[in-house]
Amino acid sequence: MSTEALAQQAADRLARLAGERVDHRFKGLPPDADGLTVADLAAQRRNLFRESDGFTTPLLALSAERLEHNLALMETYTARHGLAFAPHGKTSMAPQLFHRQLRRGAWGITLAVPHQVRVARAFGVRRIFLANELVDAAALRWIAAELAADPEFRFVCYVDSVTGVERMDAALRGAVRPVDVVVELGAGEGARTGVRDAAEGAAVAAAVAGAAALRLAGVAGYEGEVPGADPERVRAYLRRLVTLAAALDGAGRFAGTEEIVVSAGGSAWFDAVAEVFAELPALSRPVLKLLRSGAYVSHDDGHYRRLTPFTRVPEEGALEPAFRLWAQVVSRPTREQAFANAGKRDAAHDLDLPAAQVVRRDGVERPATGVTVTGLSDQHTWLRTDPEADVEVGDWIGFGLSHPCTSFDKWQLIPVAEADGTVVDYIRTFF
């Protein structure tokens, strides 16, 4: 298939998302919308809070205004600091959001496992950074076929062992195009993946040089795994990464590539990445300084609200939490306790419990004063209600969530709503 045909196929698939029929698969959507296309439902501009419009709880919604704000802010931030941007797509696994990120200047999309790469390719993503060593032979053969079919497709992935290099090379034998790889530098003793020191990195680079089906394109790492992470430790790790890039360049290991990839950056330390990458010495080839932060797209009301670098550099702006989970109070057994109808199947809970933010009753929204989430069952939220709490059966409670990655993955079709509750779009996820 030609490059043009592949591009048209991807565009058609993206367009077909709007033609998908609404039915029982999608939580929280109006029962009377069954059979409508997503586009038809969006065109009706139903309101989350108008009873006659039929939305049911539990219901996860994205703020249209805050989503756009976050996309624009990171576009501006990365451009200001001379960084290319490949936001981590595993956060949302939403091709519509991938394309919005690409339109906002992203170089490509970062992913973690082969299935995610297949989703991105199905929807026409042309540059993919796989933040993992890929040693699955079937997946590697598929990657080789994608590279052969589309000359504009660029794929980069980690390597962190000689054994991994050997397995990759064997699986890719006979490939039309070599697979670009970057040596992953581990973040320290006891951290996650990656070579543990420069000597191991040099050995892996040497193995890549001897592999016919691979090409060394740079170095990468993830500073979020630095043990006891603080600004000093994180910067020290990132400088080790930069030093490794310079050492491999000095040894002539990047002779086969037109640019050298130096990549890092989760959602907690991208300010340190920008600072240290600005110190990068001149190398033998142009350098692609690639940031990979992904949680920014929705941000959150817990983990990343606490960790965001914008608290350290407030003059650069601020991300806004774009998720809100709505659940209805279904039981008020005592004055000290109430239960809402969302649970572990609906709300992220791996890092923090949801936080009650607002209560809606009869079209009026007010702060959820005196309401605290104490636990989650599969389908219930446990609420402690202090004496000042004004909560009744039938009220809707809006919750802030912590950790975008485990919020998106519980919902296949997510309404995007304006501030007054008017739904203007729906985001389809593929987990």
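Okay, let's start with helix α8: its buried residues are Gly201, Val204, Ala205, Ala207 and Val208. Buried here means under 20% relative accessible area, with exposed over 50% and partly exposed in between (1.4 Å probe, protein chains only). Looking down the axis of α8, those buried residues fall within an arc of 160°, so they line one face of the helix. That arc is taken from the directions from the helix axis to the C-beta atoms.

Before I go on, a word on what you're looking at. This is a predicted model, where local features need pLDDT of at least 70 and side-chain atom pairs count only at pLDDT 80 or more, while totals for chains, interfaces and linings use all residues. Residues are numbered from 1 along each chain as its sequence is written, and side-chain values use heavy atoms, leaving out hydrogens and water. Helices (H or I, at least four residues) and strands (E, at least two) are DSSP runs, numbered from the N terminus.

Back to α8. What do its buried residues pack against? They pack against β5 (154-159), α7 (162-171), β6 (179-184), β7 (214-220) and α9 (231-250), where contact means heavy atoms within 4.5 Å. On the face turned away from the buried side, you'll find the exposed residues Ala199 and Ala209.

Now, the aromatics. A search of the whole structure turns up 12 aromatic pairs. Rings of Phe, Tyr and Trp (its six-membered ring) pair if their centres lie within 6.5 Å; planes under 30 degrees apart are stacked, over 60 edge-to-face, and the rest tilted.

One of them is Phe49 with Trp326, edge-to-face at 5.0 Å centre to centre and 75° between the planes. Phe49 sits in the loop between α2 (38-43) and β1 (59-63) and Trp326 in strand β10 (residues 323-334), so this pair ties together parts 277 residues apart in sequence. Phe49 is partly exposed at 23% relative accessible area, whereas Trp326 is buried at 3%.

Then there's Phe85 with Tyr296, a tilted pair: 5.4 Å centre to centre, 50° between the planes. Phe85 is in strand β2 (residues 84-85) and Tyr296 in the loop between β9 (287-291) and α11 (303-307), so here the parts tied together are 211 residues apart in sequence. Both Phe85 and Tyr296 are buried.

Last stop: ring pairs also link Phe49, Trp326 and Trp396 into a cluster.
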